[in-house]
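Points are grouped by topic.

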Amino acid sequence: MDRGKIQVDLNTNWEEGFSQFESVIASGNEFMQVQATIRLAHLSKHAPEHVLARCIPILAKLLQIDNSNNLNHSVQEAAAYCLKRIVCQGNGVLAAEIAQSGATNLILSLLPQSNDRFRSVLIKCVWCLVNFGDVNRLIVARNGGLEIVLDMLNSCRVGNRLYLLEILSALALLREVRRVLVRLGGLRFLVEAVRFGSTISRERACQAVGLLGVTRRARSMLVELGVIQVLVELFRDGDGTTKLVAGNSLGVVSAHIDFIRPVAEAGAIPLYAELLQGPDPVGKEIAEDAFCILAVAEDNAASIAEHLVRILREGDDEAKVAASDVFWDLSSCKHSVSIVQNSGAIPILVELLRDENGEVREKVSGAIAQLSYNEADRAALADAGAVQTLIELLHDESEELKDNAAEALVNFGKDPQQHDIIFAAVDIPSFQNMQDRMARLRVSDEHMVRSLRRMSINQLTSNPVLT
């Protein structure tokens with residue numbers, strides 16, 4: 001079709017054009033039907049939506065032509081091609097019209113017996129349908145579409161494979177599809193879809209992996225299929241949004257003691273550090289959660305602490321706040337050595353107690369309060385000059401900051417090695433209030449422990465099987 005002819009078509013009356021198309025499809029021979037349908041496909045990006053909507057039922061009828069005794073699928077192929085072009089128009093409205101016409105089901109039913117170019121056109125049409133309309137995803141999923149796609153992936157090596165993987169990634173956002181995917185052994189294709197395809201398709205597959213990874217069985221299967229390395233690659237190479245999705249899914253997968261070290265060994269820790277230091281608040285939350293999981297392994301915790309020290313030195317206020325939060329968690333982990341002290345973070349944290357940003361001071365003081373429960377960390381804090389600064393913070397306007405400072409100082413006061421250095425704080429009301437509060441909490445905790453012990457003894461002695 002030459003440019004002049006297209007221009008003539010664009011200047012004609014669309015209603016008249018629709019009538020001509022309808023007439024050719026109703027009474028023309030196969031060649032004329034194919035030509036008219038392909039012509040409509042080429043003009044679909046220019047035609048008004050209401051005209052295209054009226055064409056959809058006609059195209060759906062073309063898909064119903066009985067070709068059981070005829071290997072020539074030219075009319076059906078042209079109809080599928082035209083629908084593929086139309087579904088991209090109308091911001092999803094026309095995709096819903098196609099679903100309502102029954103065309104999605106018809107295209108799906110033609111796929112298993114198709115081959116060569118006809119199969120390729122049908123696959124690309126399904127790809128468009130599931131990408132531009134949620135309702136079409138449901139139709140494909142509930143009418144055997146997942147099984148058809150998996151069967152084709154088992155035999156397809158090149159050509160349409162990327163389209164099939166992207167169809168799978170779209171379907172996998174549905175919970176019912178994810179359940180069947182595990183049962184049918186299709187997780188290997190989902191992992192492949194994380195690695196290959198368009199960015200949006202890889203993100204969808206990655207999101208599906210995260211949703212599947214919350215269950216122990218699926219998580220183990222995914223790890224066996226190499227999903228950790230694939231997620232790390234996407235985490236490293238993706239754009240901003242992709243990094244968030246990949247980092248979150250990788251965090252879900254790592255939430256098992258057996259997978260904590262493999263995730264770190266794959267190179268995840270520097271990537272989470274980059275996310276923690278980045279501009280996105282959601283990214284910071286994802287990184288904090290992941291670090292708290294990965295830090296269960298002592299060697300991981302040491303590596304994480306090194307990155308956090310760098311962020312405390314070089315990062316902006318938001319990054320320092322996030323790093324302080326993670327240090328709070330690291331200080332509560334039971335490792336054989338003091339990870340925070342060995343990282344060299346304590347002098348930096350003490351220095352940040354005087355930071356101009358109030359939120360930074362609050363978060364840092366919380367981390368220091370937690371560190372003060374450990375004898376070796378208390379000594380390091382005292383050597384770094386923390387006590388005098390903490391005493392000064394008892395007069396701060398922030399209640400959280402005063403509470404954190406008082407909690408740390410109370411812990412110093414209980415330490416025979418450090419008791420004498422807090423004499424200047426004992427008469428300050430915020431310190432006295434915290435001292436009373438912590439004393440009441442200790443009594444309450446001791447009472448709870450005794451109650452639980454008595455309960456356990458009573459249960460044992462009242463069990464006839466054990467007496």
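**Helix packing and burial**

Helix α27 crosses α28 with left-handed geometry. The model is a predicted one. Its protein chain contains 29 helices and zero strands. Of the 467 residues in the chain, 49% are buried.

**α27 and α28**

- α27 spans residues 386-393 and α28 spans residues 399-414; their axes come within 8 Å and cross at roughly 135 degrees.
- The two helices are therefore oblique to each other.
- On the α27 side the contact is made by V387, L390, I391 and L393, and on the α28 side by L401, K402, A405, A408, L409 and F412.
- Sorted by class, the α27 contact with α28 has nine nonpolar residues, no polar residues and one charged residue.

**α4 and α5**

- Helix α4 (residues 49-63) packs on helix α5 (residues 74-87) at an angle of about 150 degrees, and the axes are 9 Å apart.
- Angles over 145 degrees count as roughly antiparallel, so α4 is roughly antiparallel to α5.
- The crossing of α4 past α5 is left-handed.
- From α4, residues L52, I56, L59, L62 and L63 meet V75, Q76, A79, A80, C82, L83 and I86 of α5.
- By class, this contact has eleven nonpolar residues, one polar residue and no charged residues.

**α2 and α4**

- The axes of helix α2 (residues 14-27) and α4 come within 11 Å, crossing at roughly 5 degrees.
- α2 and α4 are therefore roughly parallel to each other.
- W14, E15, F18, F21, E22 and I25 of α2 form the contact with H50, V51, R54, C55, I58, L59 and L62 of α4.
- The class count for the contact of α2 with α4 is nine nonpolar, one polar and three charged residues.
- L59 and L62 of α4 take part in the contact with α2 and also meet α5.

**Covered helices**

- Helix α11 (residues 161-171) is mostly covered, with nine of its eleven residues buried.
- Those buried residues of α11 are R161, L164, L165, E166, I167, L168, S169, A170 and L171.
- They pack against α8, α9 (134-142), α10 (145-155), α12 (175-183), α13 and α14.
- In helix α16 (residues 227-237), the buried residues are V227, I228, V230, L231, V232, L234 and F235.
- The partners of the buried α16 residues are α13 (187-195), α14 (199-212), α15 (216-224), α17 (240-253), α18 (260-265) and α19 (268-277).

- The largest nonpolar core has 152 residues, and Y272, F327 and L330 have the most contacts inside it.
- Neighbours within four places in sequence aside, Y272 is in contact with F235, G247, L250, G251, I286, A287, A290, F291 and L294.
- One of these partners, F235, is a buried residue of α16.
- Among contacts between residues at least 6 apart in sequence, 66% join residues at least 24 apart.

**I346 and A380**

- I346 is placed in helix α24 (residues 345-352), and A380 is found in helix α26 (residues 375-383).
- I346 is buried, with a relative accessible area of 2%.
- A380 has a relative accessible area of 16%; because the cut-off for buried is under 20%, A380 is buried as well.
- Not counting residues up to four places away in sequence, I346 touches V340, Q341, L371, D377, A380, L381 and A384.
- With neighbours within four places left aside, A380 is in contact with Q341 and I346.
- I346 and A386 are 40 residues apart along the chain, with a C-alpha separation of 9.2 Å.

- Most residues other than glycine have a negative phi.
- D116 is not a glycine, yet has a positive phi of about 50 degrees.
- D116 lies in helix α8 (residues 116-132).
- Is D116 buried or exposed? At 65% relative accessibility, D116 counts as exposed.

How values were computed. Residues numbered from 1 in each chain as written. Predicted model: local features only at pLDDT ≥ 70, side-chain atom pairs only at ≥ 80, totals over all residues. Heavy atoms only, no water. Helix = DSSP H or I, 4+ residues; strand = E, 2+ residues; numbered from the N terminus. Buried < 20%, exposed > 50% of the residue type's maximum accessible area, 1.4 Å probe, protein only. Contact = heavy atoms within 4.5 Å. Core = buried A, V, L, I, M, F, W, Y, C linked by side-chain atoms within 4.5 Å. Axes fitted to C-alpha atoms, helices over the stretch in contact; angles between N-to-C directions. Parallel < 35°, antiparallel > 145°, perpendicular 65-115°, else oblique. Left-handed = near helix turned anticlockwise from the far one by under 90°. Nonpolar A, V, L, I, M, F, W, Y, C, P; charged D, E, K, R; others polar.
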